Amino acid sequence: AGVLLALLGGGGGGAKAGRIAATVPVTSGASSLAADRDGAVVAGPGSELTAVDNADNPEPIQVQGGLLHVAERGVAVNGDSFWLDNAEDGVVRIERRPGGAAEPVGVAPSRYHRLAATGDGILVLSPDEGTIERLDLDGALVATGAAPRGANHLAADANFGYALFKNRSDTTDRSIYTVDATTLDHAEPPAKGLLGTKIKTGDENLYVQHGTGLDVVRSAPGSTTRMIDVGDGVRDFDENEGWLWVTYADGTLKRFELASGSPEGDPLELPGVGIAVDARDDRAWVLLDTDKLIDVRP
């Protein structure tokens, strides 16, 4: 790791959904991705993270983290730290620098946790315990709230946290449980009756996947909902600055204009299947099933 491979997407045909500006090898078996304005971090099985900054010629940084046995577990980035769900220690905070040490932050080990960055810290969902906890940027516990047991997805913005939980037996779609991001008290959902299989937050909206549709709803109680049809085979999605990026099981990526809900250009062929995407500023970071992280630009 440490070699940056520049690739240009597109090539032939009409306009594409984007171009691949860079491809970075990441830790083997990587399964989780998180990004902010300064870069991205990828986690997978083993004892290393791979972090990439937004410099013109970024180099992957192997961040030593002790026994980080990560597989399908949560990872987040906020402030000067990476945050990781670790089977050995629960949730750990890792200084955002080469060789940063892993420091347990007092969240009890669990079968798994889900993590999400909020305005001034990290939310931690513990499905086995039926709790949501809020940590400040130093890793201190500042609030605890209830959550449905078995909730399997977590998203957050500056005002609210959202968890998906199953409350009926006849559907794969799940309901949304909403909490105030500061107090973790139960809060009114942004819209009634939302159901889905995955949730994400964007600049001002909550996004809920259900079948071939993504519900778009303002992240405030009493909001109206509209739907964007993104098609079959969706693996992951994220929105930033008016663009919705969607990866598919056939190894393609599409970019939708949020205002119109229409796709922009032809699908972009990826060098692998995009299993996770996190859009930030002028790019979308996409984690591939081939142990590569790509930087895609409009």
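Tutor: Let us begin with glycine 161, which lies in strand 15. Strands here are DSSP runs of E with at least two residues, helices are runs of H or I with at least four residues, and both are numbered from the N terminus. Please keep in mind that this is a predicted model, in which local features need pLDDT of at least 70, side-chain atom pairs count only at pLDDT 80 or more, and totals for chains, interfaces and linings use all residues. Residues are numbered from 1 along each chain as its sequence is written, and side-chain values use heavy atoms, with hydrogens and water left out.

Student: Is glycine 161 buried or exposed?
Tutor: Glycine 161 is buried, with a relative accessible area of 1%. Buried means under 20% relative accessible area, exposed means over 50%, and partly exposed is in between, using a 1.4 Å probe and protein chains only.

Student: Which residues is glycine 161 in contact with, leaving aside its neighbours within four places in sequence?
Tutor: Glycine 161 then touches Leu123, Ala155, Ala156, Tyr177, Thr178, Val179 and Ala181. Contact means heavy atoms within 4.5 Å. Histidine 186 is 25 residues away from glycine 161 in sequence, and their C-alpha atoms are 9.6 Å apart in space.

Student: What about the rest of strand 15, and how many of its residues are buried?
Tutor: Six of the six residues of strand 15 (residues 160-165) are buried, so the strand is largely enclosed by the rest of the structure.

Student: Which residues are on each side of strand 15?
Tutor: Phe160, Tyr162 and Leu164 are on one side, and Gly161, Ala163 and Phe165 are on the other; all of them are buried, and both faces are covered. As a general point, side chains in a regular strand alternate between the two faces of the sheet.

Student: Which strands does strand 15 pair with?
Tutor: Strand 15 pairs with strand 14 (residues 153-156) in the antiparallel sense over four bridges. Strand 15 also pairs with strand 16 (residues 174-180), again antiparallel, over six bridges. Two strands count as paired if DSSP finds at least two bridges between them.

Student: How many residues does the hairpin between strand 14 and strand 15 pass through?
Tutor: The hairpin joins strand 14 to strand 15 through three residues.

Student: New topic: what is the volume of the second largest pocket?
Tutor: Its volume is about 170 Å³. Of the 15 residues that line this pocket, Ser175, Ile176, Pro189, Gly193 and Leu194 are the closest to its centre. On a 1 Å grid over the protein atoms alone, a pocket is an open set of points with protein on both sides within 12 Å along at least five of seven lines, and lining residues have an atom within 4 Å of a point. Grid points are joined across faces, edges and corners, and the volume is the space filled by probe spheres set on the points.

Student: Where does the largest share of that lining come from?
Tutor: Strand 16 provides the largest share, with four residues. By class, the lining has eight nonpolar, five polar and two charged residues. Here Ala, Val, Leu, Ile, Met, Phe, Trp, Tyr, Cys and Pro count as nonpolar, Asp, Glu, Lys and Arg as charged, and the others, Gly among them, as polar.

Student: Which residues have a positive phi although they are not glycine?
Tutor: Leucine 184 is one of them, with a phi of about 65 degrees. Leucine 184 sits in the loop between strand 16 and strand 17 (195-196) and is buried, with a relative accessible area of 3%. Aspartate 291 is another, with a phi of about 60 degrees. Aspartate 291 belongs to the loop between strand 27 and strand 28 and is partly exposed, with a relative accessible area of 24%.

Student: How do strand 27 and strand 28 run, and how many bridges join them?
Tutor: Strand 27 (residues 283-288) and strand 28 (residues 292-297) run antiparallel and are joined by five bridges. Both belong to an open sheet of four strands in the order 1-28-27-26, with antiparallel pairing. Strand 1 (19-25) and strand 26 (274-280) are its edge strands, each pairing on one side only.

Student: Finally, how many helices and strands does the chain have?
Tutor: The chain has zero helices and 28 strands. Of its 298 residues, 54% count as buried.

Note on methods: 1 Å grid on protein atoms, 1.4 Å probe; cavity = no way out; pocket = protein on both sides within 12 Å on 5 of 7 lines; lining within 4 Å.
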